[in-house]
Amino acid sequence: MSARTVIDGLEFSRAEDELQGHLPLAGFGRLQDCLFDADGGIDFLLKGGRDRQRRQVLHLEVTGLLHLQCQRCLGVLAYPLRIMNTLLLVSANETLPAEADEPDAPDCIVTSMDMDVAALIEDEILLSLPLSSRHPDGACAARPGVPRIGGAASPFDGLAALRK
Ligand SMILES: [Zn+2]
């Protein structure tokens, strides 16, 4: 697919259109700050349709493997990305449906005649990332020269114990 693919949101939904493809992570400018490196890419599937209340929606699936940076050891953290989301199309001057405040309400997205598919996908990826990405406890790579706070006892602790 080309570098910039746009869809007419309402028409895409009405026609129950489908678009799938692969996008390299290096192409997502705003995502770079969250990444350890931009290796690899994501696969996506975008489908137009309607929800149970016959409202026009887009279904989006995104899968891929991101390399995030661990906030504790600054090492690389492999993060399997799996997004399955339904986005309710609303027009720019439309007031959001009242139920938008409910926790299980669908996410709303402002539709237009030239919705940038890559930007839409990047938004969803950014929203899905953990606020603080870390390896599981104890799984960080040990880095030489960096003392571990609260970690292994220092040899002097043993001496202190002997003196008592
Ligand atoms: Zn770590």
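**Entry 1. The hairpins**

I began with β4 and β5, which form a hairpin with five residues between them; Arg-54 in the turn has a positive phi of about 65 degrees. My numbering runs from 1 along each chain as its sequence is written.

I placed Arg-54 in the loop between β4 (41–50) and β5 (56–69). Most residues other than glycine have a negative phi. I noted Arg-54 as exposed, because 7 other C-beta atoms lie within 10 Å. My cut-offs are: buried if 20 or more other C-beta atoms lie within 10 Å of the residue's own, exposed if 12 or fewer, and partly exposed in between, with C-beta atoms placed from the backbone.

I then looked at the next hairpin. β5 and β6 form it with six residues between them, and Leu-74 in the turn also has a positive phi, about 65 degrees.

**Entry 2. Strand pairing**

I count two strands as paired if DSSP finds at least two bridges between them. Which strands does β5 pair with? β4 and β5 run antiparallel and are joined by nine bridges; in this pair Gly-48 stands opposite Leu-58. β5 and β6 run antiparallel with 13 bridges, and there Gly-64 has Leu-81 in β6 as its bridge partner. Strand β3 (residues 35–37) is joined to β5 by two bridges, again antiparallel, with Leu-35 opposite Leu-68.

**Entry 3. Overall layout**

I recorded three helices and eight strands. Along the sequence the pattern reads β-α-β-β-β-β-β-β-β-α-α. The protein has 164 residues, of which buried residues make up 16%. I take two residues as in contact if their C-beta atoms, placed from the backbone, lie within 7 Å. Of the contacts between residues at least 6 apart in sequence, 59% join residues at least 24 apart.

**Entry 4. The core**

I define a nonpolar core as a set of buried Ala, Val, Leu, Ile, Met, Phe, Trp, Tyr and Cys residues joined through C-beta atoms within 7 Å. The largest one has 21 residues; those with the most contacts inside it include Phe-44, Leu-58, Val-62 and Ile-121. Elements giving two or more residues to this core are β4, β5, β6 and α2. β5 gives the most, with five residues.

I looked at two of its members. Phe-44 lies in strand β4 and counts as buried because it has 23 C-beta neighbours inside 10 Å. Not counting residues up to four places away in sequence, Phe-44 touches Gln-20, Gly-21, Leu-23, Leu-60, Glu-61, Val-62 and Ile-121. Phe-44 and Thr-63 are 19 residues apart in sequence, yet their C-alpha atoms are 6.5 Å apart. With the neighbours within four places set aside, Val-62 is in contact with residues including Ile-42, Leu-81, Ile-83 and Ile-125.

**Entry 5. Helix α2**

I checked the length of α2 (residues 117–128). At 1.5 Å a residue its twelve residues should span 16 Å, and the end C-alpha atoms are 17 Å apart, which agrees. The expected span is 1.5 Å times one less than the number of residues. What covers the buried residues of α2? The cover includes β1 (6–7), β2, β4, β5, β6 (76–90) and β8 (115–116). The buried residues themselves are Val-117, Leu-120, Ile-121, Glu-122 and Ile-125.

**Entry 6. Two loop residues**

Glu-16 sits in the loop between α1 (9–14) and β2 (18–24). Its phi is near 50 degrees, a positive value in a residue other than glycine. I list Glu-16 as exposed because 10 other C-beta atoms lie within 10 Å.

Ala-141 is in the loop between α2 and α3 (155–163) and is exposed, with 11 C-beta neighbours inside 10 Å. Leaving aside neighbours within four places in sequence, Ala-141 is in contact with Cys-73 and Gly-75. From Ala-141 to Arg-72 I noted 69 residues in sequence and 9.8 Å in space, C-alpha to C-alpha.

**Entry 7. Confidence**

pLDDT is the predictor's confidence in each residue, from 0 to 100. The protein averages 86, and 79% of the residues score at least 70. Over residues 151–155 pLDDT stays under 50, and the model has zero contacts beyond four places in sequence for them. Where pLDDT is low, the predicted coordinates should not be read in detail.

Methods:
This is a predicted model: local features need pLDDT of at least 70, side-chain atom pairs count only at pLDDT 80 or more; totals for chains, interfaces and linings use all residues. Helices (H or I, at least four residues) and strands (E, at least two) are DSSP runs, numbered from the N terminus.
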